[in-house]
Every structure is written in structure tokens, then in C-alpha cells.
Amino acid sequence: MTEAAELPPAPEQARAVFGDRYQDAVRYAELLADAGVQRGLIGPREVPRLWERHILNCAVLSEVVPEGVTVCDVGSGAGLPGIPLALVRPDLKITLLEPLLRRTNFLTEVVELLGLDHVTVVRGRAEEVLGKLTPVHVVTARAVAPLDRLAAWGVPLLRPYGEMLALKGDTAEEEIKGAGAALSKLGAVATSVLQVGEGVVDPLSTVVRVEVGESPGGVRFAAKRAKAARTGRARRRR
């Protein structure tokens, strides 16, 4: 039996969540269970729980993303949460940021196959695209790193008064306490823990929201952004 054959049928909740993009969500699940496993993007043991633990768990993040904003999914990997979010929310402009070539190749194939015209795939690390990528309203991330390190990568990519939404587990509150000093230095003005996915996933998805003020990333990153912007303008004039 192949790994793809172990994928369970989509639960009824998926129809309600994805609406007219339901068949695209099913196709994405099939790609994760097949090519995603073969390329080492998803572990074989995750296939039976792809829907509840991964796809729907990420799709419900849409409940707390404002309308019509720009989003950067940092360390997108196999497209979680960026692809499910894009399927649910065609009003968003989403960038999937991922440094590894085999992952960006997979993401590009998925985006083209599913016709996600509002999604762009960018290969690179967060610190490498600083000043090159237009600052976004929202940064998303899932299972990438501890909160302090994740914020150091994601927060500088935000525009003033933007927010980072990180899917986390049971240790969310502890991570916020431990990352308090680092978040303050990065320009965070408020943090909170949200529970989303009522009636869709059990347990609910836990989201850490980090809101920033007028200097996302703090003073040091503001200087780096300004320098990168000046360099970019100089290159364009040549």
C-alpha cells in the first residue's frame, strides 16, 4: 500500500471550511500524502492525521487574519499554514517564504496546480529578504522555532502596527513569558494567546499573536531595512 492510499477521507468539517475550494484542499492533501512524503516534507506517520492535525488546524487561522491584508508565511515548509490559508482566503496576498530548494519546488508546483494566483513563492531566509520583500501586515508561522527566535525572524518583516500569528502548542503561555524581553526589543507592544477552530478541530488551534508598534524589529532592524532599501534604489538606478 502506498503512503497516498493511507490518507483518510476528508472530514465533513473540510467542506464547510473550504467551501468551493474543497476539491483543491483534497488535492493538496493528496499531494502532501504522496509527493510530500516522498520528498521528505511530511513524515509517513503524519498521513493518517493530515486533515485534523495539519490542514484544518492551519485553515482555522483564517479566523484571526484581517481582511484584504498582505501575509508572509515564514518557513513555509510544505505550505503549512500558508496553503490552507490561501484556499480559505482569496482576499489575501500571501508570500510563502522558504529557504530550501526542494521545498520551494514543491510549493511552486502546488501553487500552480491549484491556481492560487494570490500566492507567491520566495526562496530565502527571513534575514536575507529583509529590505527586499515589501513589509507585510501579517506574518504567519507554524512549528518553526521557539517564540523568541521566531519573532526575531518574522517581526522585522512586518509593516508598522502589523502582527505575527504563530501556531503553537500547549506551551504558548510559557513561551510568551520566556520571550518577553526579546519581544520588547523587537518592538512588540502586545502579546496574546488565541484559541481558534471551534466546531472544526479538537483540540482547538492555539495561536500566539504578537502585535508591533511603529518600529517592527526594533531600532537595529529599522536601520537594516533603511540600508537595504537604499542599496536597492542604487541598484535600480544603474
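Is Tyr 161 buried or exposed? In this predicted model, Tyr 161 is exposed, with a relative accessible area of 60%; buried stands for under 20% relative accessible area, exposed for over 50%, and partly exposed for values in between (1.4 Å probe, protein chains only). Tyr 161 belongs to strand 5 (residues 158-168) and has a positive phi of about 65 degrees although it is not a glycine. Helices (H or I, at least four residues) and strands (E, at least two) are taken as DSSP runs and numbered from the N terminus.

The model is predicted, and local features need pLDDT of at least 70, side-chain atom pairs count only at pLDDT 80 or more, while totals for chains, interfaces and linings use all residues. Residues are numbered from 1 along each chain as its sequence is written, and side-chain values use heavy atoms, with hydrogens and water left out.

**The sheet and its helices**

Seven strands form an open sheet in the order 3-2-1-4-5-7-6, with mixed pairing; two strands pair if DSSP finds at least two bridges between them. Strand 3 (119-123) and strand 6 are the edge strands, each pairing on one side only. On average, neighbouring strands of this sheet are turned by 20 degrees against each other, direction ignored. Axes are lines fitted to C-alpha atoms, for helices over the stretch in contact, and angles run from 0 to 180 degrees between N-to-C directions.

Helix 3 (residues 50-59) lies across strand 4 (136-142), strand 5 and strand 7, and runs at about 165 degrees to strand 4. Helix 7 (residues 147-154) also packs on the sheet, touching strand 1, strand 4, strand 5 and strand 7, and its direction makes about 145 degrees with that of strand 5. Contact here requires heavy atoms within 4.5 Å.

| Peptide bond | Omega | Location of the proline |
|---|---|---|
| Leu 80 to Pro 81, cis | near 10 degrees | Pro 81: loop between strand 1 (70-74) and helix 4 (82-88) |
| Asp 202 to Pro 203, cis | near 5 degrees | Pro 203: loop between strand 6 (188-196) and strand 7 (205-212) |

**Cysteines**

The structure holds zero disulfides, a disulfide being a pair of cysteine sulfur atoms within 2.5 Å. Cys 58 counts as buried because its relative accessibility is 0%. Cys 72 is likewise buried, with a relative accessible area of 0%.
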